[in-house]
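Trainee: Can we walk through this one together? I'd like to start with the charged side chains.

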Amino acid sequence: MDEKHPSVQECTGPLRRVKQKRRLAYFAVAAITLYWVTWRVASFGAQACNELLSYTGEHIKWKPCGQVNDHRVECSDINVPMDQFDGQNSVDNTFNIPLIRLRGKNATQNLLPNPGGPGGSGFQLIHSEGGYINNIIGENFHLLSFDPRGVNSSRPLASCYPNQKTRDAMSNSKDADPVKDSPYRYAWTKNYIKGCVENMGEHGKYINTPQTAADMNSILDAVGQEKMVYWGFSYGSLLGQTYAVLFPERSHMVIIDGVVDFFEWYKSPILKSDFTDTQHVLDGFFDECIKAGDKCALSSLGGSKSEIERRVLSFLDGLKQDPVAVHYSATTYGILDHKAMWLFGVFRHLYAPKTWYQFADRLAQMIDGNATDAFFAYGFGESSAFQPDRRAHV
């Protein structure tokens, strides 16, 4: 009987099944390997992002916290004594000062910029204007800024209210007439001061310019830098002057920009020059409007500076008795009054002359009976009010 030979299919079938099993095994190994490599890369990336950075000569560590243009930004913080001038008075009480640094590509020292305020955020300055300042000073300086004690992200926070709900309910809004409303303001202020003491405790009286100036020495010590290189804008010019007076031996370069009157600040109960200079700037606004001719929307109100100024100020003064109602939609409406227009409109725009065309347009529309643009710019208070561009001072 002839021997039965297996068919080709019978011969190749088992081999094919073996190859399929091997292929599946290879795929499984490859998948596991790919997963492991991906996990390791992700873990390494997360570790790199969370890794603290240290530099020779410095006594603090930094964490990457963003980028401005093509420059790395890093963040840290230090604790400083509550009272920089009396360690025994501080006991264990401290302020935590957050730090932010934009690294210069060839830098070997730090320049400390302060945006002013008082209470301006160094973090906001670096993120909004850091690239611009870096273009001016070049790559030989790191920009090292901070949130001063008591404000923004520093702790404890200087606040006379325990929470936002209390602030909304208890903050004073009756200031339309400084003479008529002065008894109310005086009574309200007594309660306000008590609230400040209760909420800030013993830290409150140490939130001031000399203490903040001394904090800058602690910042220099933390990064191992002996000499101060500083650039302060507006109130920051006062902080720079104060630092130079208190610590002349460490003041290598102190730039003051938009200069505050040092002697008036510390000796006068009220800054009278602020009122004088504000009037000068307001006069300048109307001067520029006349020079601009038809490009200034207010020029149609009169043929001279004095006539335009009279019409505008008369309109704003009328808001005391007759505020403007603006109804944009069923959920968006409100009132534009004298206080809002001066605090969030006039004063803010005087701070940044490059916005004067925009301000003239809104005023002209209001006088013509359309207050919608002005309402969205100034009618919601501090949260949505115009924020001056600090490049005007750079």
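Mentor: Start with a network: salt bridges link Glu 58, Arg 72, Glu 74, Arg 101 and Arg 103. A salt bridge here is a side-chain nitrogen of Lys or Arg within 4 Å of a carboxyl oxygen of Asp or Glu.

Trainee: What kind of model is this, and how are residues numbered?

Mentor: This is a predicted model, with residues numbered from 1 along each chain as its sequence is written. Local features need pLDDT of at least 70, side-chain atom pairs count only at pLDDT 80 or more, totals for chains, interfaces and linings use all residues, and side-chain values use heavy atoms, with hydrogens and water left out.

Trainee: How many salt bridges turn up in the whole structure?

Mentor: The search finds 11. One of them pairs the side chains of Asp 221 and Arg 250, at 3.0 Å from N to O.

Trainee: Which parts does that pair tie together?

Mentor: Asp 221 lies in helix H6 (residues 209-222), and Arg 250 is in the loop between helix H7 (235-246) and strand S7 (251-257), so the pair ties together parts 29 residues apart in sequence. Helices (H or I, at least four residues) and strands (E, at least two) are DSSP runs, numbered from the N terminus.

Trainee: Is Arg 250 buried or exposed?

Mentor: Buried, at 9% relative accessibility. Asp 221 is partly exposed, at 41%. The cut-offs: buried is under 20% relative accessible area, exposed is over 50%, and partly exposed is in between (1.4 Å probe, protein chains only).

Trainee: Which residue does Asp 287 bridge to?

Mentor: Lys 305, at 3.7 Å from N to O. That links distant parts of the chain: Asp 287 is in helix H9 (residues 272-292) and Lys 305 in helix H10 (residues 305-318), 18 residues apart. Asp 287 is partly exposed at 31%. Lys 305 is partly exposed too, at 26%.

Trainee: And what about Asp 317?

Mentor: Asp 317 forms a salt bridge with Lys 320, with the closest N and O atoms 3.3 Å apart. Asp 317 is partly exposed at 42% relative accessibility. Lys 320 is partly exposed at 40%.

Trainee: Change of topic. What is in the largest nonpolar core?

Mentor: It has 31 residues, and those with the most contacts inside it are Phe 285, Leu 298, Leu 336 and Met 341. H9, H10, helix H11 (338-350), helix H12 (356-367) and helix H13 (372-378) are the elements that give it two or more residues. A nonpolar core is a set of buried Ala, Val, Leu, Ile, Met, Phe, Trp, Tyr and Cys residues joined through side-chain atoms within 4.5 Å.

Trainee: What does Phe 285 touch?

Mentor: Leaving out residues up to four places away in sequence, Phe 285 touches Leu 298, Leu 350, Trp 356, Phe 359, Ala 360 and Leu 363. Contact means heavy atoms within 4.5 Å.

Trainee: Follow-up on Leu 363. Where does it lie?

Mentor: In helix H12. Leu 363 is buried, at 2% relative accessibility. Leu 363 and Val 312 are 51 residues apart in sequence, yet 7.8 Å apart from C-alpha to C-alpha.

Trainee: Why would such side chains sit together?

Mentor: In soluble globular proteins, nonpolar side chains tend to be buried together.

Trainee: Now the strands. How do S8 and S9 run?

Mentor: Antiparallel: four bridges join strand S8 (residues 324-327) to strand S9 (residues 333-336). A hairpin of five residues joins S8 to S9. His 327 stands opposite Tyr 333 in S9. Two strands pair if DSSP finds at least two bridges between them.

Trainee: How do S1 and S2 pair?

Mentor: Strand S1 (residues 63-68) and strand S2 (residues 71-81) pair in the antiparallel sense, over four bridges. Lys 63 stands opposite Cys 75 in S2. Two residues sit between the strands in this hairpin, and Asn 69 takes a positive phi near 55°.

Trainee: Last one. Where is Leu 125?

Mentor: In helix H3 (residues 122-137). Leu 125 is buried, with a relative accessible area of 2%. Leu 125 and Asn 114 are 11 residues apart in sequence and 7.9 Å apart in space, C-alpha to C-alpha.
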